[in-house]
Amino acid sequence: MQLGIKSVKLSDRDIKRIYFDAFPKSERMPFLMMVAMSKLWNTQFLGFYDEDIPCGFVYFALNRNIIFVMFLAVDERVRSKGYGSAILMEIKNRYPDKKIIISIEPCDDNATDIDIRKRRKAFYMQNGYCETGYMIKLNGVVQEIIITNGKFDKKEFLLFFILYSNGTVWPKIWKRNRGSIC
């Protein structure tokens, strides 16, 4: 599968629709802010297209050693066709020497959407991601940290946030009581 890739612009209504459909309001950043941040050297906001049809996007921050994928979504109309895996592979191919970290909703059995969470986690595991045994709380939302291309280092990840945010974001990161570790 060969996807076209474009930097997302404020006028990209289809990417904005995919973003709003995929993430609840409580977890979203303002779209305008995402586009503006992607103009910086350490942030990418990429739209993926199958010919002219928008199929998904990824929004991530990077530094010397780490890529942190903040948002990744595939249009619900074309899911389960390999686009998500192709997007993940593109990131890995562009940055083969960087650790790629993603935070996902934990698969707690009492979650109302546990089936979706389990499918999402299985998708990442099938694409080479591993559990780290760590959790993170960002903007009041608790998520599980998964990684590919390296071993997770709590101090390194915390430093990543501090540098990326110019000291304004200090997330809580802790070892989970249960779960396997990479």
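Predicted model: local features only at pLDDT ≥ 70, side-chain atom pairs only at ≥ 80, totals over all residues.
Entry 1. I found a salt bridge between Arg 94 and Glu 90, with the closest N and O atoms 2.9 Å apart. Arg 94 is partly exposed at 38% relative accessible area, and Glu 90 is partly exposed at 24%.

Entry 2. I turned next to Asp 75. Asp 75 forms a salt bridge with Arg 17, the closest N and O atoms being 2.9 Å apart. Asp 75 sits in the loop between β4 (66-74) and α3 (83-94) and Arg 17 in helix α1 (residues 13-22), so this pair ties together parts that are 58 residues apart in sequence. I noted that Asp 75 is buried, at 4% relative accessibility, whereas Arg 17 is partly exposed at 25%. Asp 75 also forms a salt bridge with Arg 77, where the closest N and O atoms are 3.1 Å apart. Arg 77 is exposed, with 59% relative accessibility.

Entry 3. I then examined Lys 121, which is placed in helix α4 (residues 114-126). Is Lys 121 buried or exposed? I recorded a relative accessible area of 13%; Lys 121 therefore counts as buried, the limit being under 20%. Leaving aside neighbours within four places in sequence, I listed the contacts of Lys 121 as Ile 104, Cys 107, Glu 131 and Glu 144. With Glu 144, the Lys 121 side chain makes a side-chain polar contact of 3.0 Å.

Entry 4. A network of salt bridges links Lys 121 with Asp 108, Glu 131, Glu 144 and Arg 176.

Note on methods: Residues numbered from 1 in each chain as written. Heavy atoms only, no water. Helix = DSSP H or I, 4+ residues; strand = E, 2+ residues; numbered from the N terminus. Buried < 20%, exposed > 50% of the residue type's maximum accessible area, 1.4 Å probe, protein only. Polar contact = N/O pair within 3.5 Å; in protein donor to acceptor, adjacent residues only side chain to side chain. Contact = heavy atoms within 4.5 Å. Salt bridge = Lys/Arg side-chain N within 4 Å of Asp/Glu carboxyl O.
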